[in-house]
Amino acid sequence: MLKNLGLYWGSTQTKPEFVTVLADKQVEHGQDFILTCQANTADVTVSWEKNGQKLLCVEGKHKMRTIGTNCVLEISNAVEGDEGNYTVTLSKGLGSTSCSALVRIILKEWRTVEWKQERMLNSLKTFKICNEVQELRFLVCGPVGAGKSSTINTIRSIFEGRQFSNCMAAAGSTTSHTLCYERFKIANEERSFPFAFNDIMGAEKDSGVLSEDIISALKGHMREGYPFNPQTPLSESSLYYNKNPTLSDQMHCLVFVMPADKISTQDEEVMQKMKSVMKAASSMGIPQVVFMTRVDLACPIPKEKLKNVYKSKKIKDNMQKCSYELGVTVNRIFPVLNYHEQIHMDEDINCLMLDALTQIIYWANDYVLKKSSQQ
């Protein structure tokens, strides 16, 4: 009798197990969706959590059901707030087990992009800048590994119609590969275009480019070829110091490159360095923009289909975080994807970058016109 009771007691204490677990989902805004899993027994207590907190059922919104051994959570009319990590826990006696699934909400497109490159590319190729300068100059800066050099490579690839990689990239690295101040013109076999991008050493904690050097470059004091020194800024006695920069020597737009997958983990020292540069640019009236790179690593929605980048809540949230951290309005932040894994040209990658380029080239040209009228 006691032996049989022991067997019965042991059976009631057996830890429940999953036959099938919850699956990650991507759900269109406004759609209903279901999370379901299967237990190995119907004799369990089921509880649900979202982002580590008990899920409170809202009538007409949530429905929790147990059908035999199946545990089901139904959510109606998906909205942004439904995105998150959902966990179901099965309990029996003293034993329990859990599994989780990430739900991404695909938003209604909140910014449009022209996903055909021909018109945008032709527009940029025929763009006429004001006569005050021969080319519009863009200074590209940001943390090490953010994709500054890869951004320049991507832009040149688009105009040349082939993969371009002369600008040494350090994506994912903790040490900058850009050791000297370099200028990259945009050209193809037929002609040169009136745009140039200047690459600068990456910013990093306790090292990297100094904010004083970035500001010197903005003002046109830095000559091409200057070897960066993380301990000492460019001095007026240096051969690389331009004492009397003209409007053509100055930068006409500051392009800050920030990795979309690391917005919240940037070192405070690096961010303060970038903020001081942006403050200086603001005092000079230089337009500032952010290219938010690595969108494929920040969210699976654009990774699976880049055209959905402006349907991703994660990307939208990161743009707002970036705006808050750097003081740049959201309409001057552009999610982009650089060529880093691809070996062939991709029109979607090109269109996302061309959409950003079209905006910043007009802003840079406006700045030149304003400065020339003041002078």
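This is a predicted model: local features need pLDDT of at least 70, side-chain atom pairs count only at pLDDT 80 or more; totals for chains, interfaces and linings use all residues.

User: Start with H3 and H9. At what angle do their axes cross?
Analyst: The axes of helix H3 (residues 148-160) and helix H9 (residues 347-374) cross at roughly 105° and come within 10 Å. An angle of 65 to 115 degrees counts as roughly perpendicular, so H3 and H9 are roughly perpendicular to each other.

User: Which residues make that contact?
Analyst: On the H3 side they are Thr151, Thr154, Ile155, Ile158 and Phe159, and on the H9 side Ile349, Asn350, Met353, Leu354 and Leu357.

User: How many of those are nonpolar, polar or charged?
Analyst: The contact of H3 with H9 has seven nonpolar residues, three polar and no charged.

User: What span should H9 have, and what does the model give?
Analyst: H9 has 28 residues, which at 1.5 Å a residue should span 40 Å. The end C-alpha atoms of H9 are 40 Å apart, so the two agree.

User: What does Asp346 do at the start of H9?
Analyst: A side-chain oxygen of Asp346 comes to within 2.9 Å of the backbone nitrogen of Asp348.

User: Switching to Lys313. Where is it, and is it buried or exposed?
Analyst: Lys313 is in helix H8, residues 313-326. Its relative accessible area is 17%; buried means under 20%, so Lys313 is buried.

User: Now backbone angles. What is phi of Asn51?
Analyst: Phi of Asn51 is near 55°, which is positive although the residue is not glycine. Asn51 sits in the loop between strand S4 (45-50) and strand S5 (53-54). With a relative accessible area of 48%, Asn51 is partly exposed.

User: And what about phi of Arg294?
Analyst: Phi of Arg294 is near 60°, a positive value in a residue other than glycine. Arg294 lies in the loop between strand S16 (288-293) and helix H6 (295-298). Its relative accessibility is 15%, so Arg294 counts as buried.

User: Last one, Gly202. Where is it, and is it buried or exposed?
Analyst: Gly202 is in the loop between strand S12 (192-199) and strand S13 (203-204). Gly202 has 0% relative accessibility and therefore counts as buried.

User: How far is Gly202 from Thr178?
Analyst: Their C-alpha atoms are separated by 7.2 Å, with Gly202 and Thr178 being 24 residues apart along the chain.

Technical notes:
Residues are numbered from 1 along each chain as its sequence is written. Side-chain values use heavy atoms; hydrogens and water are left out. Helices (H or I, at least four residues) and strands (E, at least two) are DSSP runs, numbered from the N terminus. Buried means under 20% relative accessible area, exposed over 50%, partly exposed in between (1.4 Å probe, protein chains only). Axes are lines fitted to C-alpha atoms, for helices over the stretch in contact, and angles run from 0 to 180 degrees between N-to-C directions. Angles under 35 degrees count as roughly parallel, over 145 as roughly antiparallel, 65 to 115 as roughly perpendicular and the rest as oblique. Contact means heavy atoms within 4.5 Å. Ala, Val, Leu, Ile, Met, Phe, Trp, Tyr, Cys and Pro count as nonpolar, Asp, Glu, Lys and Arg as charged, and the others, Gly among them, as polar. The expected span of a helix is 1.5 Å times one less than its number of residues. A polar contact is a pair of N or O atoms within 3.5 Å; within protein, one must be able to donate a hydrogen and the other to accept it, and residues adjacent in sequence count only if both atoms are side-chain atoms.
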